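Have the viewer open and follow along.

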Amino acid sequence: MSTAAAQGGEKPALRKPVFVKVDQLKPGTNGHTLIVKVVSANPVPGRVRTGAPASSSARAPRIAECLVGDETGSIIFTARNDQVDLLKAGATAILRNAKIDMFKASMRLAVDKWGRVEATEPASFTVNEENNLSQVEYELVNVAE
């Protein structure tokens with residue numbers, strides 16, 4: 001290691017983002033960067049949590065299920081809190097460090113606190129809604145080594 005790096009003088013080089021297409025997403029993977037267009041956004045009604053203090057109900061998380069995609073396919077994106085405002089129908093966004101969550105045996109795309117959702121200029125592609133990866137059902141199988 002160089003002395004400048006040891007002293008904190010230089011930052012490590014940032015990796016260039018590798019943009020993937022929706023049809024390349026696989027269950028249980030993360031770290032994806034992709035450009036998507038929002039087809040629809042449906043707010044999920046907030047659940048009333050029993051046993052929680054009354055003050056916490058004022059900041060119930062806002063969640064929306066958004067159908068997003070590109071020219072290769074589409075997938076349900078679970079938008080949380082501030083992400084809901086960015087992902088309105090017709091918007092185009094860059095999802096950085098996105099991960100695949102499994103929900104009821106189907107894939108959902110999500111961005112947690114380690115990732116980012118950025119609004120960008122409108123994309124020229126039309127979303128391929130015929131290839132919806134969230135409609136494919138997966139069964140988790142454990143393989144003995």
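Eight bridges tie β2 to β3, and the two strands run antiparallel. Pairing here means that DSSP finds at least two bridges between two strands. Strands (E, at least two residues) and helices (H or I, at least four) are DSSP runs, numbered from the N terminus. The hairpin that joins β2 to β3 gets by with two residues.

Before going further, a word on what you're looking at: this is a predicted model, where local features need pLDDT of at least 70, side-chain atom pairs count only at pLDDT 80 or more, and totals for chains, interfaces and linings use all residues. Residues are numbered from 1 along each chain as its sequence is written, and side-chain values use heavy atoms, with hydrogens and water left out.

Now zoom out. The protein has two helices and six strands, and from the N terminus on the order is α-β-β-β-α-β-β-β. Of its 145 residues, 33% are buried, where buried is under 20% relative accessible area, exposed is over 50% and partly exposed is in between (1.4 Å probe, protein chains only). Strand β3 (residues 73–80) is mostly covered, with seven of its eight residues buried.

On to the other partners. β3 also pairs with β5, this time in parallel, over three bridges; there, Thr-78 stands opposite Ala-110 of β5. Strand β2 (residues 63–70) pairs with β1 in the antiparallel sense over seven bridges, and in that pairing Ser-40 faces Leu-67 of β2. Strand β1 (residues 30–44) is antiparallel to β4 (residues 92–103) as well, with six bridges between them. Leu-34 has Leu-95 of β4 as its bridge partner.

β1 and β4 meet again at the second largest pocket, each giving at least two residues to its lining. A pocket is found on a 1 Å grid over the protein atoms alone: an open set of points with protein on both sides within 12 Å along at least five of seven lines, lined by residues with an atom within 4 Å of a point. This one has a volume of about 290 Å³, that is, the space filled by probe spheres set on the points, which are joined across faces, edges and corners. Which element gives the largest share of the lining? That is β1, with three residues. Among the lining residues are Arg-15, Lys-16, Gly-31, His-32, Arg-96 and Asn-97.

Sitting in strand β4, Asn-97 has a positive phi of about 55° although it is not a glycine. Most residues other than glycine have a negative phi. Asn-97 counts as partly exposed because its relative accessibility is 34%. Lys-104 is another non-glycine residue with a positive phi, near 50°, and its place is the loop between β4 and β5 (106–110). Lys-104 counts as exposed, since its relative accessibility is 73%.

One last stop is Lys-37, which lies over the face of Phe-125 at 5.4 Å from the ring centre. The cut-offs for a charge over a ring are NZ of Lys or CZ of Arg within 6 Å of the ring centre and within 35 degrees of the ring normal.

Methods
On a 1 Å grid over the protein atoms alone, a cavity is a set of points where a 1.4 Å probe fits but cannot get out, and a pocket is an open set with protein on both sides within 12 Å along at least five of seven lines; lining residues have an atom within 4 Å of a point.
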